[in-house]
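Thanks for coming. I will go through a few local features of one structure, so please have the sequence and the model open.

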Amino acid sequence: MVRRPRVLAGDLERSLRAGGRTHTGEAFGHPLDLGGTYVHWTQPHVWRELRRHEFPLAAPLEIDKVYWLADGAVRSGTQLDHNDAVAPLMARFFAAARTRFPLPYDLTAVDNGDIEEETVGDRLDSLDLSAYDRDVLDGALAMLAPSPDEQGVEQMLAWAATTFGDWGAFLETAGSWPIEGGTRRLITAMLGESEAELRLSTPVVAIEDDGTRVLVTTRSGERIHGRAAVVALPLNTLGDVRIAPEIAPLARAMVERKHPMRTVKIWARVRGAVEPFAALAPVGQNPINAARVEHRLDGDTLVVCFASDADALGVKDREAVQAALRALVPGIEVLETAGHDWVDDEFSQGTWAHHRPGDLTQAVPLMRQPHGRVHFAGGDIASLGVGGIEGAIESGARAARNVAAALADGRH
């Protein structure tokens, strides 16, 4: 936002650091991404920044051992064995992805009113699967669908549509390739190019557009004026900020309900150079729903784990993490754990957004429209790449273009 003539722009950041729910922290004596991590060369906005700054991606370890919990027992086999079990089920679940979202960058291109109240759980139920097949499919989806009875199925279909309906290809783009050195490198480089005044630890409690300017009030009582404001708060924190005039009723209802993602990402340092593996479990049948060997570290192995409910598994509860992992991978020994509880974090109150039924195609598009002199941005309301780093960059660039155009022609 423009604060005074000699400052081109200002960035008020509520937390102690920039980057939102991306955060390269220190753990086990090394930098680790505790929040958003993965990017891909098929994502044009983030890839442009990575190439411009010459930041490479870190190649993931090759994994050919898979453990999966289904129908009360843990199975194990190769990636091909697991794929043989899950691929036909995925094909059924995502069969309509391209029909529903033929233009994935335009989520309203087709009227999907008949599925806007359908949850991921509803779609699973409709397939009428055996207990084994249901668990195989649930486990394969669980990392991104940890609250199936609250998450809208349309977002899953829209995600798959970006890779032509192929869910495996979507997982490759969304969850495999970290930035070498962590996301902090990219954030620092992008901030270094900005002429904005960055103020950390400046929580905002109100944003008011009076038709001629925007007035921002901070928690400390400071009042800051500007010609426009870009609000990039996580969806689940927007309700803590008074915005005037009120946003559209559908959007306001979405803000008040919040998205249901309560996932926790936990890093586990396990003893020795264990065989690279992936492990999967259906929601509710193991505290950890997805785990994967990610790195080697000083003779040990780092395993990244995702649990569907932050209340069920603490990021620092080594014994509980070990028990959950051992239920899937016999004999594994967890030496220490690390993570960040995004659900309990005042300035996130959840992980990446997966919208409730109907919100993605009804309320989210309203949030992308200029609200007078207030413009909203962030991965939670992106059109393409919703929930990810790519969506956050795309959304921010769109908001910036809108503000620049409005300032140029005198609308702001």
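This is a predicted model: local features need pLDDT of at least 70, side-chain atom pairs count only at pLDDT 80 or more; totals for chains, interfaces and linings use all residues.

Helix H9 covers residues 249-257, and its buried residues are Ala251, Arg252, Met254 and Val255. Viewed down the axis of H9, these buried residues lie within an arc of 160°, so they line one face of the helix. As a reminder, an α-helix has 3.6 residues a turn, so residues three or four places apart point the same way. What do the buried residues of H9 pack against? They pack against helix H11, residues 363-368. Just after H9, lysine 258 has a positive phi of about 65°.

Next, a pair of helices. Helix H2, residues 79-93, packs with helix H5, residues 131-141, at an angle of about 80°, and their axes are 9 Å apart. H2 and H5 are therefore roughly perpendicular to each other. On the H2 side, the contact is made by Ala85, Val86, Leu89, Met90 and Phe93. H5 contributes Tyr132, Asp133, Val136, Leu137, Ala140 and Leu141. By class, that contact of H2 with H5 has 10 nonpolar residues, 1 charged and no polar ones.

Last, a loop residue. Serine 308 sits in the loop between strand S17 (300-307) and helix H10 (318-326). Is serine 308 buried or exposed? Its relative accessibility is 13%, so serine 308 counts as buried. Setting aside neighbours within four places in sequence, serine 308 is in contact with Pro146, Arg262, Thr263, Val283, Pro287 and Asn289.

Terms used
Residues are numbered from 1 along each chain as its sequence is written. Side-chain values use heavy atoms; hydrogens and water are left out. Axes are lines fitted to C-alpha atoms, for helices over the stretch in contact, and angles run from 0 to 180 degrees between N-to-C directions. Helices (H or I, at least four residues) and strands (E, at least two) are DSSP runs, numbered from the N terminus. Angles under 35 degrees count as roughly parallel, over 145 as roughly antiparallel, 65 to 115 as roughly perpendicular and the rest as oblique. Contact means heavy atoms within 4.5 Å. Ala, Val, Leu, Ile, Met, Phe, Trp, Tyr, Cys and Pro count as nonpolar, Asp, Glu, Lys and Arg as charged, and the others, Gly among them, as polar. Buried means under 20% relative accessible area, exposed over 50%, partly exposed in between (1.4 Å probe, protein chains only). The arc is that of the directions from the helix axis to the C-beta atoms.
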